Amino acid sequence: MKVAIGSDHGGHELKRTIIDHFTSKKISFIDVGIHNKWESADYPLYAAYVAEEISTNRAEKGILVCGTGIGMSIAANKFKGIRATLVHDVFSAKATREHNDSNILCMGQRVIGEEVALMIVDMWLSTEFEGGRHQKRIDLISKYES
């Protein structure tokens, strides 16, 4: 699995922590930026970069981090086929994969600590979509996109 990851300046430090975590676990990733915390960035651009990596199948999943995660989730969900979800707890990370087949995880650096964020990432990446009755709902969402 390859994960695309991006942040604005408000999420850069947590993004670096997640990248270090990926490196230690040998998880393949694409870092779309930003590359330093002093670089002011418009979060919709980085949401678009991650969504593009998923839409073109260069990555299977994505992670976006900004100050709250809210802006990133709003922006990413504008792209066809993207189911970005804002998560700040482990239970929701599991549920959004099982029930919503989310393909982008959004988090806020100013909202959660690093340890919780890494537990969320691990849960989200390791949880499979249940399908079944949930697939009907995903199909409805896809229908609205067209």
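Two strands are said to pair if DSSP finds at least two bridges between them. In this predicted model, such pairing builds an open sheet of 5 strands in the order β2-β1-β3-β5-β4, with parallel pairing. Because β2 (28–33) and β4 (84–86) stand at the edges and have a single partner strand each, one side of each is left without a neighbour in the sheet. From one strand to the next, the twist averages 20°.

Within this sheet, β3 (61–66) pairs with β1 in the parallel sense over 5 bridges, and 5 bridges also join β3 to β5, again running parallel. Glycine 62 of β3 takes part in both pairings, being the bridge partner of alanine 4 and having isoleucine 104 in β5 as a bridge partner. Isoleucine 104 in turn stands opposite alanine 84, and β4 is joined to β5 (residues 104–108) by 3 bridges, the two strands running parallel.

Since buried means under 20% relative accessible area, and 6 of the 6 residues of β3 are buried, the strand is largely enclosed by the rest of the structure. Helix α2 (residues 43–55) lies across β1 (2–7), β2, β3 and β5, and runs at about 175° to β3.

Notes: Residues are numbered from 1 along each chain as its sequence is written. This is a predicted model: local features need pLDDT of at least 70, side-chain atom pairs count only at pLDDT 80 or more; totals for chains, interfaces and linings use all residues. Side-chain values use heavy atoms; hydrogens and water are left out. Helices (H or I, at least four residues) and strands (E, at least two) are DSSP runs, numbered from the N terminus. Axes are lines fitted to C-alpha atoms, for helices over the stretch in contact, and angles run from 0 to 180 degrees between N-to-C directions. Contact means heavy atoms within 4.5 Å. Buried means under 20% relative accessible area, exposed over 50%, partly exposed in between (1.4 Å probe, protein chains only).
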